[in-house]
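Dear colleague,

Please find the structure below, handed over for your files. The findings follow it, grouped by region.

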Amino acid sequence: MATVRTSVTVPLRFPDGYGTTAEVLTFHGLADGREHLLLALGPWEQSLLGQGSGAGGAGSGAPLVRLHSECMTGDVFGSERCDCGPQLREAVESIAATGGFLLYLRQEGRGIGLYSKLDAYALQDRGLDTYDANLALGHGEDERDYTAAAQMLNTLGATTVRLLSNNPDKANQLVALGINVQQQVRTGVHLTEANSRYLAAKRDRTGHTLELGRAVDHSVQPAAGTVAGLPDMPARVAALVPGLRARAEEAERLRRLPELTVQELQEAGVFRILAPAAVGGYGLGARTYAEVVRVLARGCASTAWTAGHLAEHAWMLARWPRAVQEEVFAGGQVPLAAATSAPVGMARKVPGGYAISGHWSFASGVMHSRWALLAVQLNGARLQALVPVADLELLDAWHTDGLRGTGSNDLHADGLFVPDHRVVEWALLSSPENPGSLIHQDALIHAPMAMLLNLVAPAAALGSAEYAMELFREQLLVPRQKNGIETRQADSTLAQARYARAAGALAAAQLQWQAALSVLPPEGQAAPALAEDQHASFRLSLALSAEASQEAVRLAVGGSGGSVHRLTHPLQRIQRDIGVLLNHPTLGIDAILEQSGRGLLGLGFSTQSF
């Protein structure tokens with residue numbers, strides 16, 4: 001019988017700046033006599049009250065628990081030969097957000113000890129995988145025993161848990177020891193060049209739920225054509241995904257992005273992706289930008305939408321004349337600016353500038369912006385006015401069923417003065433020969449304005465669908481106890497068929513997405529003017545990708561039971577978010593089908609803005 005020995009509050013701070021507070025418990029009477037620790041994080045007491053009440057959705061029901069085996073090389077020294085350090089960091093934040101426990105178990109090297117683990121590394125350098133290296137040293141493949149972990153959980157009354165792990169053996173051992181594993185929640189895939197063989201061995205030898213192909217394609221390897229010395233942005237934002245998932249419900253409640261999310265996006269350089277190097281940006285291309293939005297959506301669609309547009313608007317500001325750029329990019333900062341043209345406001349010429357009036361809707365990201373780019377017209381000509389958000393009336397109008405965290409509120413002005421230098425003709429800004437093209441050498445500065453705008457919604461839809469399929473797979477594979485019998489939904493032939501249909505829809509979405517991106521220029525190359533049939537194919541592929549993404553989500557939600565409609569379950573949020581994305585004008589399927597058909601038939605577009 002284990003008992004609590006001590007309990008002490010410890011503030012935690014990780015190298016990337018994330019911090020939280022843990023209640024660290026030690027124990028008497030653990031079966032193996034080792035000095036294991038339990039870190040109680042977040043609203044852990046409330047999570048204990050919820051045992052058995054949730055249906056397995058993130059943030060609901062039982063406490064979230066991570067059994068983390070000690071890894072000095074990874075946890076302390078940051079070794080990239082394993083994924084332990086990133087998993088530890090991810091687990092603390094995920095558990096702190098929902099309430100639960102991190103058990104830090106003194107079982108170095110899967111139970112063989114530090115020196116033996118390093119000996120195993122030496123054998124791996126000669127070609128053995130991580131398991132065969134252990135066997136060659138006379139150890140078992142995995143010598144860990146989780147009896148002490150079950151004792152610690154029982155001592156706190158945590159008899160039903162949601163287990164944060166990719167390792168099926170942890171779940172099986174806990175169940176055998178009397179702990180009900182309500183759900184097995186997968187961790188992120190923390191892939192590096194140094195640990196790829198290690199992770200593949202875990203997947204292939206011991207059934208860890210790791211999708212390395214996807215991680216390699218979109219989360220770790222640099223985008224094709226990435227310029228040497230520039231950051232691998234898809235990999236950077238992939239590290240943010242666990243935190244975005246943990247804060248997605250908070251974003252909905254706030255109806256804007258949480259400040260921590262904005263801070264992490266800033267620190268990762270997301271808003272600098274498209275801005276030219278001369279103003280402090282990275283000057284990356286449209287393909288990288290699209291993939292970054294896609295990866296962010298695997299964490300939170302509202303974050304992907306907002307971050308994508310804020311990064312794009314910084315690029316738009318780099319197309320303005322030098323006087324404006326010196327103002328907004330002063331001191332190396334990359335400005336955050338909302339932009340809206342719905343509906344177009346009115347302008348009249350006054351001495352030294354313009355007086356603008358209007359009520360503009362859907363200003364995504366305005367809650368975090370210093371500037372607003374507003375569409376106005378004068379004598380039938382469309383202009384764009386750059387205005388400090390502080391000079392505008394901000395109207396709390398963003399009450400929606402999806403993308404609630406984007407804070408896309410309304411703006412109002414009545415006769416607001418805007419100086420001459422902050423008003424420019426839209427035709428000039430959107431032209432390849434815009435004022436910024438005379439200042440910056442970056443190839444993307446000449447790209448059509450609409451090219452990037454049309455990427456955000458389908459990228460967010462695809463990333464959301466990929467997240468939904470992760471959740472659906474977990475839902476199907478989790479073992480459940482009913483009347484003393486362990487069952488899995490995945491063992492049903494109907495569930496297998498539904499999953500296959502959803503996987504097929506997602507594959508179609510991914511193929512259409514790749515077809516669209518193939519039209520875009522490689523990183524660092526100028527975007528040539530697209531022929532009408534190419535432009536038609538580009539827009540059509542994006543629209544069909546988003547439609548297939550929505551179908552995959554529909555199938556996943558339909559096969560996941562009534563519990564997914566709890567507001568704490570991410571699947572219902574994904575379904576609502578993707579519904580709003582498909583209603584955005586850039587994905588209006590009727591108009592896209594009509595104009596794409598005309599372009600592919602050589603009839604010419606009948607809508608100038610297509």
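Leu471 is found in helix H17; helices (H or I, at least four residues) and strands (E, at least two) are DSSP runs, numbered from the N terminus. The model is a predicted one, in which local features need pLDDT of at least 70 and side-chain atom pairs count only at pLDDT 80 or more, while totals for chains, interfaces and linings use all residues. Residues are numbered from 1 along each chain as its sequence is written, and side-chain values use heavy atoms, with hydrogens and water left out.

With a relative accessibility of 10%, Leu471 counts as buried (buried means under 20% relative accessible area, exposed over 50%, partly exposed in between, with a 1.4 Å probe and protein chains only). Apart from neighbours within four places in sequence, Leu471 is in contact with Pro570, Leu571 and Ile574, where contact means heavy atoms within 4.5 Å. The C-alpha atoms of Leu471 and Gly74 are separated by 28 Å, and these two residues are 397 residues apart along the chain.

Helix H17 (residues 449-477) also packs with helix H13 (residues 286-297), at an angle of about 35 degrees and with the axes 7 Å apart. Axes here are lines fitted to C-alpha atoms, for helices over the stretch in contact, and angles run from 0 to 180 degrees between N-to-C directions. The crossing of H13 and H17 is right-handed; a crossing is left-handed if the near helix is turned anticlockwise from the far one by less than a right angle, and right-handed if clockwise. On the H13 side the contact involves Ala286, Tyr289, Ala290, Val293, Arg294 and Ala297, which meet H17 residues including Met451, Leu455, Ala459 and Glu466. By class, this contact of H13 with H17 has 12 nonpolar, two polar and two charged residues (Ala, Val, Leu, Ile, Met, Phe, Trp, Tyr, Cys and Pro count as nonpolar, Asp, Glu, Lys and Arg as charged, and the others, Gly among them, as polar).

**Two further helix pairs**

Helix H18 (residues 493-517) and helix H19 (residues 532-558) pack at about 160 degrees, their axes being 8 Å apart. That angle makes H18 roughly antiparallel to H19; angles under 35 degrees count as roughly parallel, over 145 as roughly antiparallel, 65 to 115 as roughly perpendicular and the rest as oblique. The crossing of H18 and H19 is left-handed. Among the residues that make the contact are Arg498, Ala505, Leu506 and Trp513 of H18, together with Phe538, Leu542, Glu551 and Leu555 of H19. The contact of H18 with H19 comprises 14 nonpolar, five polar and four charged residues by class.

Helix H11 (residues 241-254) and helix H20 (residues 570-582) pack at an angle of about 55 degrees, with 11 Å between their axes. H11 and H20 are therefore oblique to each other, and their crossing is left-handed. Ala248, Glu249 and Glu252 of H11 meet Arg573, Arg576 and Asp577 of H20. By class, the contact of H11 with H20 has one nonpolar, no polar and five charged residues.

**Individual residues**

Ser94 has its place in helix H3 (residues 84-98) and, at 11% relative accessibility, counts as buried. Leaving aside neighbours within four places in sequence, Ser94 is in contact with Leu64, Leu164, Pro242 and Ala246.

Asn379 lies in the loop between strand E10 (371-378) and strand E11 (381-388) and is exposed, with a relative accessible area of 77%. Leu403 lies in the loop between strand E12 (393-395) and strand E13 (409-419), but is buried, with a relative accessible area of 3%.

The peptide bond from Ala342 to Pro343 is cis, with omega near -10 degrees. Pro343 belongs to strand E8 (residues 337-350).

**Aromatic pairs**

Rings of Phe, Tyr and Trp (its six-membered ring) pair if their centres lie within 6.5 Å; planes under 30 degrees apart count as stacked, over 60 as edge-to-face and the rest as tilted. The count by this rule is five aromatic pairs. In the pair of Phe14 and Tyr18, the ring centres are 6.3 Å apart and the planes stand at 35 degrees, so the pair is tilted. Phe14 and Tyr18 are both buried.

With kind regards
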